[in-house]
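Biologist: Before we discuss the aromatic residues and the surface, could you put the sequence and the model up for us to look at together?

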Amino acid sequence: MGESNFDAANDLTSRYARKEILDGKTTSLEKKKDEVYLTFPFDKRPYMSFSGFVLNGPTNVYSGFIETIFYRDKIKIKDMYYEKNPVKTDKIGIYSTDLCFISEEDVVYHYKNIPYLVSSDKPTIFFSKVHYNKENETVSGEIKMPSSKNTYQIELFYTDNDDYHYQEGVADKSGQFNIELSREGLEGKMYLRASDGLGNYADACDIIDQKSTTYSVPTEALETIKKSHKVVKDAPKQTSRFVIILALIFGIFILILVLLRVRVIIKRHKRDKKIKNAENN
């Protein structure tokens, strides 16, 4: 595919996401003695992150957390460490950690459920087909993507007097997408990106002409993508087997209880019969 002319520093999606992250109103605050306890609603915002890390990369890098907390919660930090659940970079996705830090005013803070993103160290999504139809004002195509818990966003950027404009669409389960342009497009000035917000991403893809362009996907990447979907398809089968086995065990247990109950009833009936016979005699 070659190296794209896309300028990641002007990525509008990251700017918009950052504005939402920096809204500190969602953080709960509680003061205990001389210390402050903050909690981020991680479960309600599963696709937001304070800091980013790279798969199998260093974990003791606090700069992203420090910067975000400064803009979000207006706290200047002079010292920070992981209090619980330290950052791990062994797999991609969004996770949470607990931080303890000291402000420049020597106030101790405990911050729970701080989300961070671990992204792949190389592209895991690949554009296999892109078609720019200038007459219909659409950009369509196909991506090859691994299985994910989230939907895959297709992001379209195009420039006008060196300013970036942005649109987005969603790829369906087969990786097909179609974006209707909201402004006039220009070949060589448009770029596509794709991500699931959980660490999977594609390199920027330039739209250089109006014809349909097909891109080759590395064989190794295709195999990895196929395996990820196979694992997801096999999972329900394993779950159903487990449920069946559990149901059988439960059924046997109920049967044993029933038999024991019948045995008790029979014994009681025999005992009552003997007592009656003894009374009659």
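Biologist: Is Tyr82 buried or exposed?

Modeller: This is a predicted model in which local features need pLDDT of at least 70 and side-chain atom pairs count only at pLDDT 80 or more, while totals for chains, interfaces and linings use all residues. Residues are numbered from 1 along each chain as its sequence is written, and side-chain values use heavy atoms, with hydrogens and water left out. Buried means under 20% relative accessible area, exposed over 50% and partly exposed in between, with a 1.4 Å probe and protein chains only. Because the relative accessibility of Tyr82 is 13%, Tyr82 counts as buried.

Biologist: How many aromatic pairs does the structure hold?

Modeller: Rings of Phe, Tyr and Trp (its six-membered ring) pair if their centres lie within 6.5 Å, and planes under 30 degrees apart count as stacked, over 60 as edge-to-face and the rest as tilted. By that criterion, the number of aromatic pairs in the structure is 12.

Biologist: What is the angle between the planes of Tyr62 and Tyr82?

Modeller: Tyr62 sits in the loop between β3 (51-54) and α2 (63-73), whereas Tyr82 belongs to strand β4 (residues 77-84), 20 residues apart; helices (H or I, at least four residues) and strands (E, at least two) are DSSP runs, numbered from the N terminus. Tyr62 is buried, because its relative accessible area is 19%. The two rings form a tilted pair, 4.9 Å centre to centre, and the angle between their planes is 45 degrees.

Biologist: Which residues form one aromatic cluster?

Modeller: Tyr95 and Tyr116 also form a tilted pair, at 6.1 Å centre to centre and 45 degrees between the planes. This pair links distant parts of the chain, with Tyr95 in strand β5 (residues 93-103) and Tyr116 in strand β6 (residues 108-119). Tyr116 is buried because its relative accessibility is 3%, whereas Tyr95, at 25%, is partly exposed. The one aromatic cluster is formed by Phe53, Tyr62, Phe65, Tyr82, Tyr95 and Tyr116.

Biologist: How many disulfides does a search of the whole structure find?

Modeller: A disulfide is taken here as a pair of cysteine sulfur atoms within 2.5 Å. Cys100 counts as buried at 4% relative accessibility, and Cys205 counts as buried at 0%. Over the whole structure, the number of disulfides found is 0.

Biologist: What is the relative accessible area of Leu260?

Modeller: Leu260 is found in helix α3 (residues 219-280). Leu260 is partly exposed, because its relative accessible area is 44%.
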